[in-house]
Amino acid sequence: MPPPPEAALRADPARPWRAAAASYVGNEPPTYEAEPTTLPLTDPEDLRDVVPDTVLEGARYGTLTLRAVSLRGDAARYRGEPRRDALLAVRFGTGDSALLLVAVASGQHAAPGAHRVARELCEWIAGAVGGNQARLTEDIHTANRGALSSGLHRLTDRAYGRLRAGATVRGLAPADHTASVRCLLLPAHPACRTRVFFGVGDGGLFRLRDGVWQDLEPEGGERDTVGGPVIGYGSGRPPVQRPGQEPGPGPGPDAGPPPESDEPVHGPFRFRASVARPGDTLLLCSAGLSDPLRGEAALADRLAERWDTGEAPGLAAFLADAQTGVKGYADDRTAAAVWEA
């Protein structure tokens, strides 16, 4: 079935040289040029601080295919600001016992060193996951969601504790030295289709099943669903979360108490384990993509049309889809999508 007219990609007549990758949805073109213009200012004494405009990553293990991208927002490209989003995709272990981690983080707007904070948070969480890879893999394979939830909660809390300590050393307010972070744990074993999400802060977790978007975003407090009902099921598009919405079911009786700690500046810990079906596409993304997905129906329709396929797109095609423009949304976009064979 062809997409409705408003979902069709539009070429910008004012910029005929732009490739299809820079097209947009909606009635008006985005405010800023969709291609990089101004490079960020560079300190010659700290070239390790340079952040590339765009990062692409991909992998295939067992029944899953991963595509991931992090790209600088149109506004940052125009102003010559670095990309605040960070993306880290890594593998721990070998063979069928391997565990994949995809971490996405977004630094604070206008905060000094926001891109470094986001990167550090991804690296700290990855180090902790890698150090506990055997136990995490066993818990995923045995569907021990209580141990997963409480363990990942403590792991994430320790990473935020390091950020708070760093803010104190630098004389910064914790709110200026923090980031949102969202992660996926993906077992490489082809017989295990459990997919684990955890994180803190803004962004989105969606599933495309049978051509319909489902919003899987947990409301916090370690809410968890394994193969059960999901928020927005059957709506066809990711809905806007509304205050007062009933939370999903809580963790199992074996979950144990959460760690005793201060809540991170960005909000509560979020956790969800779900079981994938053949044909599913799971999407984890920063707020730069989740906001237009929830706010512009044409973008949700476009990506559903492009990604509801039996085969994952190539890296270039995935990049083109992820940077489809929408007027009013010019932030960094980071997305990781998992196609299930």
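This is a predicted model: local features need pLDDT of at least 70, side-chain atom pairs count only at pLDDT 80 or more; totals for chains, interfaces and linings use all residues.
Residues are numbered from 1 along each chain as its sequence is written. Local features need pLDDT of at least 70 and side-chain atom pairs count only at pLDDT 80 or more, while totals for chains, interfaces and linings use all residues.

**View 1. The largest cavity.** The structure holds four cavities of 30 Å³ or more (a cavity is a set of points, on a 1 Å grid over the protein atoms alone, where a 1.4 Å probe fits but cannot get out). The largest has a volume of about 100 Å³, volume being the space filled by probe spheres set on the points. Its lining, meaning residues with an atom within 4 Å of a point, comprises 14 residues, and Leu71, Asp74, Gln323, Tyr329 and Arg333 lie nearest the centre. Helix H1 (74-79) and strand E12 (325-326) each give this lining at least two residues; helices are DSSP runs of H or I with at least four residues, and strands are runs of E with at least two.

**View 2. The second largest cavity.** Here you will find about 40 Å³ of space. Arg195, Arg207, Ser274, Val275, Ala276, Asp280 and Leu282 line this cavity.

**View 3. Helices H3 and H4.** The axes of H3 (residues 133-141) and H4 (residues 145-170) come within 9 Å and cross at roughly 145 degrees; axes are lines fitted to C-alpha atoms over the stretch in contact, with angles from 0 to 180 degrees between N-to-C directions. Arg135, Leu136, Asp139 and Ile140 of H3 meet Ala147, Leu148 and Leu152 of H4, contact meaning heavy atoms within 4.5 Å.

Terms used. Side-chain values use heavy atoms; hydrogens and water are left out. On a 1 Å grid over the protein atoms alone, a cavity is a set of points where a 1.4 Å probe fits but cannot get out, and a pocket is an open set with protein on both sides within 12 Å along at least five of seven lines; lining residues have an atom within 4 Å of a point.
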